[in-house]
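User: I'm new to this one. Can you walk me through it?

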Amino acid sequence: MDSNGPNAVLPYFSIERKDYEIKPISQGYINDTYALLLDDVPTYILQRLNAQVFSNIDLLMQNIQYALPYLYDKNYNQISLIRTIDGKPYLKINKSDYWRMLTMVPDSVAFNTTQDEGIALEAGKIIGKFHSLLQEAPLDIFKDSIPGFHDLNLRARQFTEATDRAAPDKLKDAEKAILFAKMTLEEVRFYDPGNLPIRICHNDTKLNNILFHKEDKKALCLIDLDTVMKGYFHFDFGDAVRTIVNTVKEDEKDLSKITFNKGLFEAFIDGLSKNSDFLTKEEIQHLSFGVKLMPFIHGIRALTDYLKGNIYYKVTYETQNLDRCLSLFAFTKKATEHMDYMQEVIAKKF
Ligand code: GN1
Ligand code: MG
């Protein structure tokens, strides 16, 4: 059997046979995502999983199936996995063609960026809720869908390998970024998280992975559970903050536009503090570090991929990974300048 795209795989999922309109959603850097609409109403999400990035799809889908029942709460919107007609949680065609289908949350919307403090507050609340619910889950059933995903030492090794092998013109174009990466690595690489609790984290809590209600803008739930696995809370905190307080897109070329918006930060903290009983004192102390660590990790990964010739992330133009890196590094600098400020706000609120 050969699949040429979303149309061809629809019959293999146990949904009503209707005339769905299939619309690609282009935000992600990894999977191919499509919305299925019925009379203009988004009804299902269909995704082709990137089997190069996720080498063990079975394990990844297991993690999602472990997590979903815990995410059941009146203040959290449930998403369900649609099984295939033979009862499997995903469809495998040929050697490396994997598809899955999920329900779409009605009347929901996602934002790539925001200027709205109400959205920032809601984002804080829902991330707190996600963690409160998942803290009930046994840690060890979850396995790493990408081992060492947020491990800076691993990312540093991959970066060094990439610089050793990169073409001279790429090294030249990325000269400034490489210098910043090396300097910052010296500073944060040997950072010791001490005895911070390991939690089941989302590990990709950028703003556009949060769904909000179209009308009242209440946060509904987190989407994209591909990297639900063990981690530290400051990973999820940092990823959310980097995409909320910076009001421009991740690959913004004009670095003067990159912001650390204090109103948005304080609103996010406010929201999180409403659902944060689970956080320990030590975790609270490490939150601000996450805001520096996460953009730096993403920046160094984008830089590594640029040097390797864009083999990991989808790009729409040759230097997009380098642009993302520069923009993420510029935000890393902003985060560094705001460390004391963040600590103050956090200490007041928690
Ligand atoms: C990738 O494809 P997407 O947008 O869900 C990446 C995340 C990054 C994100 C944006 C598995 O996620 O870590 O935050 O791009 N996911 C993976 O930078 O690498
Ligand atoms: Mg993702």
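Predicted model: local features only at pLDDT ≥ 70, side-chain atom pairs only at ≥ 80, totals over all residues.

User: Which elements line the largest pocket?

Analyst: Strand E3 (41-49), helix H2 (57-70), strand E6 (97-103), strand E7 (108-109) and helix H9 (281-307) each supply at least two residues. E3 gives the largest share, four residues. Helices (H or I, at least four residues) and strands (E, at least two) are DSSP runs, numbered from the N terminus.

User: And what classes of residue are in that lining?

Analyst: The lining has 26 nonpolar, twelve polar and eleven charged residues. Here Ala, Val, Leu, Ile, Met, Phe, Trp, Tyr, Cys and Pro count as nonpolar, Asp, Glu, Lys and Arg as charged, and the others, Gly among them, as polar.

User: What about the second largest pocket? How much space lies in it?

Analyst: About 580 Å³. It has 30 lining residues, and the closest to its centre are Gln27, Tyr29, Asn112, Asn208 and Glu250. Helix H10 (320-337) is one of the elements that give two or more residues. H10 makes the largest share, with four. By class, this lining has ten nonpolar, 13 polar and seven charged residues.

User: Where does the second largest pocket lie?

Analyst: Domain 1 (6-106) and domain 2 (117-349) both give residues to its lining, so it lies between them. The domain bounds come from an automatic or database domain assignment.

User: Switching topic. Which residues are the protein donors of the magnesium ion?

Analyst: Asp204 (OD) and Asp224 (OD), lying 1.9 to 2.1 Å from ligand 2, the magnesium ion. The two are 20 residues apart: Asp204 is in the loop between strand E8 (199-201) and strand E9 (210-213), and Asp224 in the loop between strand E10 (219-222) and strand E11 (229-231). Donors are N, O and S atoms within 2.8 Å of the metal (3.2 Å for Na, K and Ca); water is not among the atoms, so sites may look incomplete.

User: Is Asp204 buried or exposed?

Analyst: Asp204 is buried, with a relative accessible area of 16%. Asp224 is partly exposed, at 27%. Buried means under 20% relative accessible area, exposed over 50%, and partly exposed in between (1.4 Å probe, protein chains only).

User: Back to E6. How many of its residues are buried?

Analyst: Six of its seven, so to speak mostly covered.

User: Which strands does E6 pair with?

Analyst: E3 runs antiparallel to E6, with six bridges. Strand E4 (residues 81-82) is also antiparallel to E6, joined by two bridges. Strand E5 (residues 91-93) is antiparallel to E6 as well, with three bridges. Two strands pair if DSSP finds at least two bridges between them.

User: Which residues face each other there?

Analyst: Trp99 in E6 is the bridge partner of Arg48. Leu91 also stands opposite Trp99. Leu102 in E6 partners Leu81. The hairpin of E5 and E6 has three residues between the strands, and Asn94 takes a positive phi near 55 degrees there.

User: Last one. How many cavities of 30 Å³ or more are there?

Analyst: One. The largest cavity has a volume of about 40 Å³. A cavity is a set of grid points where the probe fits but cannot get out. Its lining residues include Leu68, Tyr76, Cys221 and Leu225. By class, seven are nonpolar, two polar and none charged.

Notes:
Residues numbered from 1 in each chain as written. Chains lettered and ligands numbered in written order. Heavy atoms only, no water. 1 Å grid on protein atoms, 1.4 Å probe; cavity = no way out; pocket = protein on both sides within 12 Å on 5 of 7 lines; lining within 4 Å. Points joined across faces, edges and corners; volume = space filled by probe spheres on them.
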